[in-house]
Amino acid sequence: AEEHLRRAVQLDPSLDDARLHLATLLEARAAGSADTLREAAEIYHQHLEKHPERRDLRIRLGEIYLTQKQFAAAAEQFEAARASGDTSLPLAKELLQAYMNILDAGRKEGGGTREKLQTRLNNPDGPKAEGGNDAEKNTDKAIAMVREILIRETGNVEMHLLYGRLQMERKQ
């Protein structure tokens with residue numbers, strides 16, 4: 001099927017349905033190949049440039065970015081899906097996962113939030129001075145998502161623990 005879909009797209013690049021079927025097929029067989037998944041993501045990205053209203057593809061693209069550890073790109077897609085009206089609980093959880101992965105990656109790269117804050121205090125004219133602390137912004141976004149999830153799932157123990165952990169990190 002992949003060969004025929006590729007040929008159809010080659011003959012008529014305007015066949016959006018064929019391109020989407022190809023992307024779905026590539027995803028299905030991408031188990032061990034990052035290149036195949038990257039190609040599927042590129043097809044979805046190109047389709048979204050023409051049809052930005054496709055929330056389902058934004059969510060799918062965000063999920064692909066999560067698996068590829070492109071957390072900021074995943075969060076961007078999930079935020080766009082939410083901005084277009086999808087306020088579903090599963091999407092809120094995906095977005096929270098992206099924010100938490102961004103925070104975890106930031107901790108691994110340059111130390112914890114406390115070290116970054118101390119660096120800013122010692123060097124107020126540093127690169128983060130004009131734009132604020134990215135970790136702080138992402139923590140704020142994560143806390144907002146946890147609150148939203150807790151409104152819908154008041155008995156979700158993991159979310160209560162995560163909320164407490166995030167508040168502790170902010171010394172609140």
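**Figure 1. Overall fold of the chain.** The chain holds nine helices and zero strands, where helices (H or I, at least four residues) and strands (E, at least two) are DSSP runs numbered from the N terminus. This is a predicted model, in which local features need pLDDT of at least 70 and side-chain atom pairs count only at pLDDT 80 or more, while totals for chains, interfaces and linings use all residues. Residues are numbered from 1 along each chain as its sequence is written, and side-chain values use heavy atoms, with hydrogens and water left out. Along the sequence the pattern reads α-α-α-α-α-α-α-α-α. Of the 172 residues, 38% are buried; buried means under 20% relative accessible area, exposed over 50%, and partly exposed in between (1.4 Å probe, protein chains only). The accessible surface of the chain is about 10,300 Å², with 54% belonging to carbon and sulfur atoms; areas come from the Shrake-Rupley method with a 1.4 Å probe. Among contacts (heavy atoms within 4.5 Å) with a separation of 6 or more, 47% join residues 24 or more positions apart.

**Figure 2. The largest nonpolar core.** A nonpolar core is a set of buried Ala, Val, Leu, Ile, Met, Phe, Trp, Tyr and Cys residues joined through side-chain atoms within 4.5 Å. The largest one has 44 residues, and Tyr44, Phe78, Leu96, Met100, Ala142, Val146 and Leu166 touch the most other members. Helices that each supply at least two residues include helix 1 (2-11), helix 6 (89-110), helix 8 (134-152) and helix 9 (157-169). Helix 6 gives the most, with nine residues. Leaving aside residues up to four places away in sequence, Ala142 touches Leu96, Tyr99, Met100, Leu103 and Leu166.

**Figure 3. Helix 3 and its buried side.** Helix 3 has 17 residues, which at 1.5 Å a residue should span 24 Å; its end C-alpha atoms lie 25 Å apart, which agrees. The expected span is 1.5 Å times one less than the number of residues. Thr36, Leu37, Ala40, Ala41, Ile43, Tyr44, His47 and Leu48 are the buried residues of helix 3. These residues cover an arc of only 155° around the axis, so they are on the same side of helix 3; the arc is that of the directions from the helix axis to the C-beta atoms. They pack against helix 2, helix 4 and helix 5. Asp35, Glu49 and Lys50, on the other side, are exposed.

Figure 4. Asp35 pairs with Arg38, their closest N and O atoms being 2.5 Å apart. About one helical turn separates Asp35 and Arg38, because they are three residues apart in helix 3. Asp35 is exposed at 54% relative accessible area, and Arg38 is partly exposed at 44%.

Figure 5. Lys141 and Glu79 form a salt bridge with closest N and O atoms 3.6 Å apart. This pair links distant parts of the chain, with Lys141 in helix 8 and Glu79 in helix 5, 62 residues apart. Lys141 is partly exposed at 35% relative accessible area, as is Glu79 at 29%. Arg82 and Glu148 also meet in a salt bridge (2.7 Å, N to O). Here Arg82 is in helix 5 and Glu148 in helix 8, 66 residues apart. Both Arg82 and Glu148 are buried.

Terms used:
A salt bridge is a side-chain nitrogen of Lys or Arg within 4 Å of a carboxyl oxygen of Asp or Glu.
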